[in-house]
Amino acid sequence: MITTWGSKAGRLLRGQSAPVTYGLIAVCCVVFVISPVSGFNPVYGKGGELLAAQQAYFERWGVVPVELFSGVPRAALGPFTALFVHGSWLHLLGNMLFLYVFGAMVEERMGHLLYALFYLSCGYLALLAYAAAHAGSDQTLVGASGAISAVLGAFLYLFPQARVTSLFPFLFFLPLRFPAWVVLPFWVTLQWLAAGQGGKGTGVAYLAHLVGFSLGFLFAWGWCVRGRRSTRGTTSLPAREGEAGGLE
C-alpha cells in the first residue's frame, strides 16, 4: 500500500519547511549509497567478498539482540545507528517514501528540534523493544521502520481527517482516497496480524512497527494534552485537524 497526500495537504507541504525530515532522508540515502549494500562502491569487491562485507556492515551498525543485552557498551549504540542502515534498495525507498509523505506535516506541527528528538527516541525504543522480545536472537535488525512508524502514529493523532490516496493491490491498484483515521489503523492491523504470525521468512520486524506506532500516537496525545493545559486561559495550542480547519 502506497500513500500520498490529498490535494489540500499537498499544498500545505509545498508551502512549509521540513529540514529535519528531508535531512533524515538525505542521510539515509547517502549512507546506503556508500555502503556495501548498494553495490555502487567498488572498494567492497564482488561476489563472496561483497557478501562478507555486507554481513560485517550489518553486524557493526545494526542491532544484534543477543549482543545488545550482553553488556557490551558499543552494542548500546546499535538501535541508534541502525535507524540509518537499510538492507536493500526496496527497503530504503519504501521507508523514505513513507517518511517523505508523513514526516513533513508532523515536523511542521511539532517544531524541528522536538521532532528530531521524537524521531530518534521513538526509533531507538522501537528497536530496543524488538530486541528485548528476541533477546536470544543473533539476527541483525536494521532500518528506520520503527521511527517512521512513530511518525505515522503521531500523524494519526495530529491529522486524523487528512485524506490520503491509497493503492491497494487486492483492488488492482485502484487509487482510493480515505481519511488517515481509516488508512493508518488499517495499516496497523496488517502489522499486528503479521506480528502475530511471527513474521517468519519475511525479515520484517513487525513488532518494532507496532511499538513505534504506539509510541508516536501516545507522544502526540501527551504533547497536545500538556500543551493545552499549559495554555489554558490564554492562547490555546492549535487544534488537531478534524477539530478545527480539517484537511480535505
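Buried here means under 20% relative accessible area, exposed means over 50%, and partly exposed is anything in between. Keep that handy for the exercises below, and remember that this is a predicted model.

**Exercise 1.** Work out how Phe32 and Trp89 pair, and which parts the pair ties together.

*Solution.* Start with the total: the model has 12 aromatic pairs. One of them is Phe32 with Trp89, with 4.8 Å centre to centre and 75° between the planes. Planes over 60 degrees apart count as edge-to-face, so that is the label for this pair. Phe32 sits in helix H2 (residues 19-34) and Trp89 in helix H6 (residues 89-110), so the contact ties together parts 57 residues apart in sequence.

**Exercise 2.** Do the ring geometry for Tyr115 and Tyr119, then find where the two residues lie and sort them by burial.

*Solution.* Their ring centres are 6.5 Å apart, with 40° between the planes, and the pair is tilted. Both tyrosines belong to helix H7 (residues 112-133), where they are 4 residues apart, about one turn of the helix. For burial, Tyr115 has a relative accessible area of 0%, so it is buried. Tyr119 comes in at 1% and is buried too.

**Exercise 3.** Which residues do ring pairs link into a cluster?

*Solution.* Follow the ring pairs and you get a cluster made up of Phe98, Phe102, Phe155 and Phe159.

Key: Residues are numbered from 1 along each chain as its sequence is written. This is a predicted model: local features need pLDDT of at least 70, side-chain atom pairs count only at pLDDT 80 or more; totals for chains, interfaces and linings use all residues. Side-chain values use heavy atoms; hydrogens and water are left out. Rings of Phe, Tyr and Trp (its six-membered ring) pair if their centres lie within 6.5 Å; planes under 30 degrees apart count as stacked, over 60 as edge-to-face and the rest as tilted. Buried means under 20% relative accessible area, exposed over 50%, partly exposed in between (1.4 Å probe, protein chains only).
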